Amino acid sequence: MFYNNVMRKINTQEIADCVYRLARKAALELTPSCRAALEKARDTESGAAKFALDCILENEQTAQREQMPICQDTGMAVVLLEIGQEIFLTGAPLADAVNDGVRRAYRDGNLRKSICDPLTRVNTGDNTPAHLHVDFVAGDKIAVHFLPKGFGSENMSRLFMLTPAEGREGIVNAIVETVRLAGSRPCPPVYVGVGIGGAFDGCALLAKKALLREVGSANARIDVASIEQEALEKINALGIGAQGFGGKITALGVACEVAPTHIAGLPVAVNIQCHCVRCQQVIL
């Protein structure tokens, strides 16, 4: 019981309530960096692409004014938690608390419930279970990230198990080819999250985490940032454009995250996000 006396206590009900608030907010708003990138893209484009971007931006204003979801696909609830190891959790089991927050948010916000059994296709009725990932970090804080992931874009994502010999060129080609094959289906302009390294499973999670970064941000590693920039330039040279109408901007950004991998491998995961970047986060 020594730890009870010296560690910061957080009841998991606080996490449930936090997930509830973030889910409600995410349904209605683009992230500021996404909005800024869309506005910049609109000012760059002309014709049908400019019209599409005007509609996208007007749609967000309408969503906030009318308190209606910014997209009809209110997504699978992806919740990523970074929990300080100096925290003592009390109350309901963590996953139960997260699912409680999701359940109440999707009910009270009249958000579409999209989660079902993969074989019978029977809907769970409340958009649970959430897709939960937990990392333990230093300190006594909890970072809560909520990402509603629509599957028009998720379905366009890919995982490549490259050989080390394919190197940087193979990484860039995998990213660009994924967006090219997706075409207009993920509602471009897209935001591209990329995981490089790790193993089969961890690589995909890296790509998902990359989508939490601000649109337009660069990786702190110069070599990784140069991959982001080259891939973005080549994607925008595809000419797919906003909503597939053609144009200069097919992607708002490319964000890569890296992890050490095996000497025999070079995993690359590409997680596509539509133009509707809605992730919300807070520190408890």
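Q: Which residues is valine 215 in contact with, leaving aside its neighbours within four places in sequence?
A: Keep in mind that we're looking at a predicted model. With the sequence neighbours within four places set aside, valine 215 is in contact with Ser33, Cys34, Ala37, Tyr191, Leu252 and Val277.

Q: How do I read a nonpolar core, and which residues have the most contacts inside the largest one?
A: The general idea first: in soluble globular proteins, nonpolar side chains tend to be buried together. Here the largest nonpolar core has 28 residues, and Cys34, Leu38, Val215 and Leu252 have the most contacts inside it. At least two residues each come from α3 (32-44), α4 (47-66), β2 (76-84) and β8 (251-261). The element that gives the most is α4, with six residues. Apart from this core lies another, of 26 residues, including Ile171 and Val224.

Q: How do α3 and α4 cross?
A: The axes of α3 and α4 come within 8 Å, crossing at roughly 150 degrees, and the crossing is left-handed. On the α3 side, the contact includes Arg35, Leu38 and Glu39; on the α4 side, Lys50, Leu53 and Asp54 are among the residues involved. Sorted by class, this contact has five nonpolar, one polar and seven charged residues.

Q: Is asparagine 271 buried or exposed?
A: Check its relative accessibility: under 20% means buried. Asparagine 271 is at 5%, so it counts as buried. You'll find asparagine 271 in strand β9 (residues 266-273).

Q: Which side chain does asparagine 271 join in a polar contact?
A: That's lysine 208, with a polar contact of 3.1 Å between the two side chains.

Technical notes
Residues numbered from 1 in each chain as written. Predicted model: local features only at pLDDT ≥ 70, side-chain atom pairs only at ≥ 80, totals over all residues. Heavy atoms only, no water. Core = buried A, V, L, I, M, F, W, Y, C linked by side-chain atoms within 4.5 Å. Buried < 20%, exposed > 50% of the residue type's maximum accessible area, 1.4 Å probe, protein only. Helix = DSSP H or I, 4+ residues; strand = E, 2+ residues; numbered from the N terminus. Contact = heavy atoms within 4.5 Å. Polar contact = N/O pair within 3.5 Å; in protein donor to acceptor, adjacent residues only side chain to side chain. Axes fitted to C-alpha atoms, helices over the stretch in contact; angles between N-to-C directions. Left-handed = near helix turned anticlockwise from the far one by under 90°. Nonpolar A, V, L, I, M, F, W, Y, C, P; charged D, E, K, R; others polar.
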